[in-house]
Amino acid sequence: MPGLWADPIAVGVSLARFGALGVGWSVVTVSLRQAIVPDELLGRVNGAYRLVGLGTMPIGALLGGVLARTFGLRAPFIVGGVLCVLVGIGMIPWVNNRKVGAARAAAATG
């Protein structure tokens, strides 16, 4: 997490790993949506996903700027990292192999 150290190489490696995770996340979510969403709704679902995912980025940038100005430049990285971990843990009951398998089965029969 870049907020925990000041070494530029460590921060660069951390940001590169985070970027690679973002690419993996995109591949998995798009593939899953294509597998479980009916073709006639796929455009709407992708549009809504992009609206929420990309449309909230300016709000995050604003909040990150406020955090950086108030608590220092490391604060947005620390808060963002903690939030990512908490959201990831919180999503475990809703996003797991059993639920994905059930959604795929429902998409195949429906």
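Author: Before we start, a handy term: a residue is buried under 20% relative accessible area, exposed over 50%, and partly exposed in between (1.4 Å probe, protein chains only). This is a predicted model, where local features need pLDDT of at least 70, side-chain atom pairs count only at pLDDT 80 or more, and totals for chains, interfaces and linings use all residues. Residues are numbered from 1 along each chain as its sequence is written, and side-chain values use heavy atoms, leaving out hydrogens and water.

Reader: Thanks! So is Leu83 buried, exposed or partly exposed?

Author: Leu83 is partly exposed, because its relative accessible area is 49%.

Reader: And where is the place of Leu83?

Author: Leu83 belongs to helix H4, residues 74–91. Helices here are DSSP runs (H or I, at least four residues), numbered from the N terminus, while strands are E runs of at least two.

Reader: What about Trp5, where does that lie?

Author: Trp5 sits in the segment before H1. Trp5 counts as partly exposed because its relative accessible area is 32%.

Reader: Which residues does Trp5 touch?

Author: Leaving aside residues up to four places away in sequence, Trp5 touches Ala10, Val11, Ser14 and Arg74. Contact means heavy atoms within 4.5 Å.

Reader: How far apart are Trp5 and Arg74?

Author: They are 69 residues apart in sequence and 8.8 Å apart in space, C-alpha to C-alpha.

Reader: New topic: where does Gly72 lie?

Author: Gly72 is in the loop between helix H3 (57–71) and H4. With 24% relative accessibility, Gly72 is partly exposed.

Reader: And how far is Gly72 from Gln34 in space?

Author: Gly72 and Gln34 are 41 Å apart in space, C-alpha to C-alpha, and 38 residues apart in sequence.
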